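Here is a short briefing on one protein chain. Look at the structure, then work through the points by topic.

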Amino acid sequence: MQILCLDVGNTQIFGGVFVKDKLKFKFRHDTTQSYTSDQYGIFLRAILRENGIEPKKISHIAISSVVPHLDYSIRSACKKYFNIDPFMLLPGVKTGIKIKYNNPLEVGADLIAEAIAASHFYPEQNAIVVDFGTATTICPLNAQKEFLGGLIMPGMRLCMESLQSNTAKLPTVKIVKPHNIVGVSTIESIQSGLYYGQLAAIKDISQRLTQEIFRGQEPVIIGTGGFASLFAEEQIFTNIDAD
């Protein structure tokens, strides 16, 4: 069984192919502009072939999307170029996760997917999932597979772009882990603010969730998303899985 998985985010489509439950390869595609179903279909077939996978051997396609205006084109591409009607992870689909939002339809598919993964890899354990995407999200999940809600704040790249676009002299910088907490140049100061601002927020929020939601019982804390690996040495995560 070969499964093509597409995580359609606000900045990029993050895709991969699983062969016998193993992630064989992964890829990214821009989502800041819309494409036709033909453009998506041709890209997907080409990227598979470039990585040694015959498109005809894809047996299933699963899509998690937080960009509704792209859903039709991507779904049509799957039908037209793979002859597969993809599984769409949407609010209301039965996943085994109990959504405790006032309106469960508001929960993003990406957050549901992360909750499914957390409950799969850490069954019957309380968990906090921190996702470093366009937004940084922090979501608690209890041992009974109840998605308890979450916190959403601007991601590192959004913060950097906001500084650059709303100030006269602050430049765009590369997002990296700084060598020192105090920068000695404008670039280093921005990098330090981005990194330690997120780190401090995650530490404090995780502690508050542990005390207020899990009554002091230490949960597993999972880091995921593109910038998660920057925090690997901070010892705040039980596990980091960027995928």
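Helix 2 (residues 68-82) has 15 residues, which at 1.5 Å a residue should span 21 Å; its end C-alpha atoms are 21 Å apart, so the two agree. The expected span is 1.5 Å times one less than the number of residues. Helices (H or I, at least four residues) and strands (E, at least two) are DSSP runs, numbered from the N terminus. This is a predicted model: local features need pLDDT of at least 70, side-chain atom pairs count only at pLDDT 80 or more, and totals for chains, interfaces and linings use all residues. Residues are numbered from 1 along each chain as its sequence is written, and side-chain values use heavy atoms, with hydrogens and water left out.

- Buried means under 20% relative accessible area, exposed means over 50%, and partly exposed is in between (1.4 Å probe, protein chains only).
- The buried residues of helix 2 are Leu70, Asp71, Ser73, Ile74, Ser76, Ala77, Cys78, Tyr81 and Phe82.
- Their cover includes strand 1, strand 2 (12-19), helix 1 (37-50), strand 4 (60-65) and strand 5 (87-89).

- Helix 3 (residues 109-121) has 13 residues. From first C-alpha to last it reaches 18 Å, close to the expected 18 Å.
- Its buried residues are Ala109, Leu111, Ile112, Glu114, Ala115, Ala118 and Ser119.
- Glu124 lies in the loop between helix 3 and strand 7 (127-132).
- The phi of Glu124 is near 55°, a positive value in a residue other than glycine.
- Glu124 counts as exposed because its relative accessibility is 73%.

- Arg215 sits in the loop between helix 5 (186-212) and strand 11 (220-225).
- Its phi is near 50°, again positive in a residue other than glycine.
- Arg215 has a relative accessible area of 76%, so it is exposed.

- Gln2 belongs to strand 1 (residues 2-8).
- Gln2 is buried because its relative accessible area is 17%.
- Contact means heavy atoms within 4.5 Å. Leaving aside neighbours within four places in sequence, Gln2 is in contact with Phe18, Val19, Ile53, Lys57, Ile58, Ser59 and His60.
- Arg157 belongs to helix 4 (residues 156-166).
- Arg157 has a relative accessible area of 41%, so it is partly exposed.
- Leaving aside neighbours within four places in sequence, Arg157 is in contact with Ile175 and Phe227.
- Arg157 and Thr172 are 15 residues apart in sequence; their C-alpha atoms are 9.7 Å apart in space.

**The whole chain**

- The chain holds five helices and twelve strands.
- The C-alpha atoms fill a box of roughly 55 × 45 × 30 Å, taken along the principal axes.
- Of the 243 residues, 42% are buried.
- Take the contacts between residues at least 6 apart in sequence: 48% of them join residues at least 24 apart.
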